[in-house]
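This briefing is meant to be read beside the sequence and the 3D structure.

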Amino acid sequence: LLIISLPILFKTSYILDFWLEETPQYTTQFIQLSIFIVIIEGISNPLITSIDATGKIKKYHSLNGCILLSIFPLSYIIIKLGGTPTSTYIIHLIISIIAYIVRIYIIQSIIKFSISQYFHSVLFKCIIIALISSIIPYIISELLPDNFIYFLIYVICCIINTLFICFIIGLSKNEKQYIKQHILSFIQKSK
């Protein structure tokens, strides 16, 4: 998901300008906030699957449903108080983060897994990978002018950079060895 998200996050305005004659107000912010929401939900999916697999879903779905449904009344209140349209997406992002945290604690109570180990081996690793993977694409997006050829170069750099960072930081020694063996096997077969 990060491989797809990074090029879009830093070049949203260019993509919209390329695609549309006139970009509606707030569209760039809507897309960028939506990407963050999708990333949070993407990280949450394995937890949701784990909860569903236990069959003990009543408590989870009731609580999670109430949390997610709060997006609508909170957005309505913020808009009525003079909030901008992007504030509804910010509320959605905040509620998604709260729902994610609740999912972690619910699953911990159901299947007894270590929250600290989860934060260290999953969440912390994802955050570090995302932050480090963002550095080079951000610099490139600021340095290169906005045109189609440079955009393609930028996308290729983002993909290579993100894959490299994921390989170096995100994988265990066994996973790295497994990938190396498959790459070598593929190279040998193609000769």
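The structure holds zero disulfides, a disulfide being a pair of cysteine sulfur atoms within 2.5 Å. The model is a predicted one, in which local features need pLDDT of at least 70 and side-chain atom pairs count only at pLDDT 80 or more, whereas totals for chains, interfaces and linings use all residues. Residues are numbered from 1 along each chain as its sequence is written, and side-chain values use heavy atoms, with hydrogens and water left out.

- Cys-158 is in no disulfide, and the nearest cysteine sulfur, that of Cys-157, lies 7.2 Å away; with a relative accessible area of 0%, Cys-158 is buried (buried means under 20% relative accessible area, exposed over 50%, and partly exposed in between, with a 1.4 Å probe and protein chains only).
- Cys-166 is likewise in no disulfide, with the sulfur of Cys-126 as the nearest cysteine sulfur at 8.5 Å, and Cys-166 counts as partly exposed at 28% relative accessibility.

**Overall fold**

- The protein has nine helices and zero strands, where helices (H or I, at least four residues) and strands (E, at least two) are DSSP runs numbered from the N terminus.
- Taken along the principal axes, the C-alpha atoms of the protein fill a box of roughly 55 × 50 × 25 Å.
- Of the 191 residues of the protein, 28% count as buried, and the accessible surface comes to about 12400 Å², of which 71% belongs to carbon and sulfur atoms (areas come from the Shrake-Rupley method with a 1.4 Å probe, and for residues only the protein chains shown count as cover).
- Among the contacts in the protein with a separation of 6 or more, 68% are accounted for by residues 24 or more positions apart, a contact meaning heavy atoms within 4.5 Å.

**Helix α6**

- Helix α6 (residues 85-111) has 27 residues and reaches 40 Å from its first C-alpha to its last, close to the 39 Å expected at 1.5 Å a residue; the expected span is 1.5 Å times one less than the number of residues.
- Lys-112 follows α6 and has a positive phi, near 55°.

**Aromatic rings**

- A search of the whole structure finds nine aromatic pairs; rings of Phe, Tyr and Trp (its six-membered ring) pair if their centres lie within 6.5 Å, and planes under 30 degrees apart count as stacked, over 60 as edge-to-face and the rest as tilted.
- One of these pairs joins Tyr-14 and Phe-151, whose ring centres are 5.4 Å apart and whose planes meet at 40°, so the pair is tilted.
- Because Tyr-14 lies in helix α2 (residues 12-19) and Phe-151 in helix α8 (residues 148-170), this pair ties together parts that are 137 residues apart in sequence.
- Tyr-14 counts as buried at 11% relative accessibility, and Phe-151 is buried with a relative accessible area of 15%.
- Phe-18 and Phe-148 form a stacked pair, 5.5 Å centre to centre with 20° between the planes, and this pair links distant parts of the chain, Phe-18 in helix α2 and Phe-148 in helix α8, 130 residues apart.
- Phe-18 counts as exposed at 54% relative accessibility, while Phe-148 is partly exposed with a relative accessible area of 40%.
- Ring pairs link Tyr-14, Phe-18, Phe-148, Phe-151 and Tyr-154 into a cluster.
- Lys-11 lies over the face of Tyr-154, at 5.8 Å from the ring centre, where a charge sits over a ring if NZ of Lys or CZ of Arg is within 6 Å of the ring centre and within 35 degrees of the ring normal.
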